[in-house]
Amino acid sequence: MDHIQADLTNYLRSMAFLPKDATLDPKDSLTSAGIIDSIGLIQLIDFIDEKYQIQVPVDWVSPENFDTLEGIERVIKKLLQEKP
Amino acid sequence: MKEKLAQCRRCILDSRTPGITINPHTGLCQWCEQGPLKTATEEANRILATTRGGGEVDAIFALSGGKDSCYTLYRLKEEYPDLRILAVQFDNGFIADSAVENAQQFCHKTGSTFLSLSLDPLLLQTVFRRAAESINAYPVAARIRASDICNTCIGIVKQKLIELALVHHAPLIVFAFSPGQTTSPFVRLSAVYLRWFRNMFQKELEAMGVKNNDELLIPPELIEAQGKREMIIVHPLLIWDYHKEQVEQAVVTMGWKRPELADKISTNCLLNAFANDNHIRKYGIHPYAFDLAALVREGRLSREEALRNVNMEQSQDLIQYAHEKLSIIRK
């Protein structure tokens, strides 16, 4: 698994969003699978901002971008590429 | 073999709570090991100091009439006197009379406009009954944070306050949430996020069996009309230096009255004791433990006081009152 997805999974486990022994498919919906709610989503974005030293633009916070590990990884990579 | 119960030696979380791990070497839970909450205090203060609306209202304020929200309203107006506030008390059908008096009094003191927000009482009773009867309608992390009933009530309040902010073109929405209830001092809202936010809550309501739920949600046409207009939720209690035990002293000095009937934790809601009892019976989790633990961790409440709160018996009178009002047979 890509290290970004591993970081995200570890974060979700450490914050009690995901049981320690549970696995997550990159395409699984984090909201439909009952992993995060609206507060959890904001916490996750704060973690991403801090961990990767990026600023997620407010209008990028959509299901297409943030409801799966795959989508979140894509956003992080894009923002890292654009980083000065 | 049964695993031995471990409790964090710093806060009050224990290994019975799903997802909580106590490190056997340090004796600390994972949150205490991470250290204090990081807060973007400077940016949040700048938002409160400079964000103003083009209409008649700058901020929609969630005013329960409890001590935290009354304190936050008072301090907000002291620090930002030019902020034009519409303070909204959501009437969930279980608000203590004294909480209404407290809310009105603090609006009067601060020159804020008071609005009592009501919805169909029968719909609310159905929603709270369904929340009480539901199992796992919310994610684990949400169930640790608050009871199913509180999560539902707060969910409705958020939807309705955002709706009011959209109607009044108010750029700020302020909640007196504490560090255990949220971790972000502010949240910027876009139309695309609001659409998702609405959808998430709608699914949670549906998971509880509440189907016809449009009245509880932000009208979609208002979200579409937002365009690029800036809207931000702010949580001042995450950026201010305050101590939980001093809050009550401060508000009492200003004329705040503690309700005679309410339980020791909630000072505004007559449904809270039942919500706590229901949550403990369903999941074995005290719905205030996580919040109180965060306050202890942040140095805003003593560990002894937090433990006293979670070990306190719920008011049987209030539990009976809620059973009768929600037409739930007591087992």
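## Basis of the model

Residues are numbered from 1 along each chain as its sequence is written, chains are lettered from A and ligands numbered from 1 in the order in which they are written. In this predicted model local features need pLDDT of at least 70, side-chain atom pairs count only at pLDDT 80 or more, and totals for chains, interfaces and linings use all residues, while side-chain values use heavy atoms, with hydrogens and water left out.

## Nonpolar core

The largest nonpolar core holds 146 residues, and the members that touch the most others are A:Leu12, A:Leu44, A:Ile48 and B:Ile162. A nonpolar core is here a set of buried Ala, Val, Leu, Ile, Met, Phe, Trp, Tyr and Cys residues joined through side-chain atoms within 4.5 Å; buried means under 20% relative accessible area, exposed over 50%, and partly exposed in between (1.4 Å probe, protein chains only). Helix H7 (residues 148-168) of chain B supplies the largest share of this core, 9 residues. Helices (H or I, at least four residues) and strands (E, at least two) are DSSP runs, numbered from the N terminus. Domain 1 (1-35) and domain 2 (39-331) of chain B each give at least three residues to this core.

Apart from residues up to four places away in sequence, A:Ile48 touches A:Leu8, A:Gln53, A:Ile54, A:Val56, A:Phe66, A:Ile72 and A:Ile76. Contact means heavy atoms within 4.5 Å.

## Surroundings of B:Tyr283

B:Tyr283 belongs to helix H11 (residues 272-283) of chain B and counts as buried because its relative accessibility is 18%. Leaving aside neighbours within four places in sequence, B:Tyr283 is in contact with B:Ser134, B:Ile135, B:Asn136, B:Arg143 and B:Asp148.

Two of these partners approach through polar atoms. The side chains of B:Tyr283 and B:Asp148 are joined by a polar contact of 2.7 Å, and a polar atom of the B:Tyr283 side chain lies 2.9 Å from the backbone nitrogen of B:Asn136. A polar contact is a pair of N or O atoms within 3.5 Å; within protein, one must be able to donate a hydrogen and the other to accept it, and residues adjacent in sequence count only if both atoms are side-chain atoms.

## Salt bridges

Over all chains, the structure holds 21 salt bridges, each defined as a side-chain nitrogen of Lys or Arg within 4 Å of a carboxyl oxygen of Asp or Glu. One of them pairs B:Asp68 with B:Lys244, with 2.7 Å between the closest N and O atoms. This pair links distant parts of the chain, 176 residues apart: B:Asp68 lies in helix H3 (residues 67-79) of chain B and B:Lys244 in helix H10 (residues 244-253) of chain B. B:Asp68 is buried, at 15% relative accessible area, and B:Lys244 is buried, at 16%.

In helix H7 of chain B, B:Lys160 and B:Glu163 are 3 residues apart, so about one helical turn separates them. Their side chains form a salt bridge (2.7 Å, N to O), and both residues are buried. B:Arg258 and B:Glu248 form another salt bridge, with closest N and O atoms 3.2 Å apart. B:Arg258 lies in the loop between H10 and H11 of chain B and B:Glu248 in helix H10 of chain B, so the pair ties together parts 10 residues apart in sequence. B:Arg258 is partly exposed at 32% relative accessibility, as is B:Glu248 at 23%.

## Interface between the domains of chain B

The domain bounds come from an automatic or database domain assignment. The C-alpha centres of domain 1 and domain 2 of chain B are 28 Å apart, and 12 residues of domain 1 are in contact with 13 residues of domain 2. About 1,100 Å² is buried between these domains, 70% of it from carbon and sulfur atoms. Buried area is the accessible area (1.4 Å probe) that two parts lose on being put together, summed over both.

In domain 1 of chain B, the residues that lose the most area to domain 2 are B:Arg10, B:Ile12 and B:Pro18, together 46% of what that side buries.

## Interface between chains A and B

Chain A contributes 26 residues and chain B 29 residues to the contact, which buries about 2,200 Å², 63% of it on carbon and sulfur atoms. The rule finds 2 salt bridges across this interface, one of which joins B:Arg145 to A:Asp37 at 2.5 Å between the closest N and O atoms.
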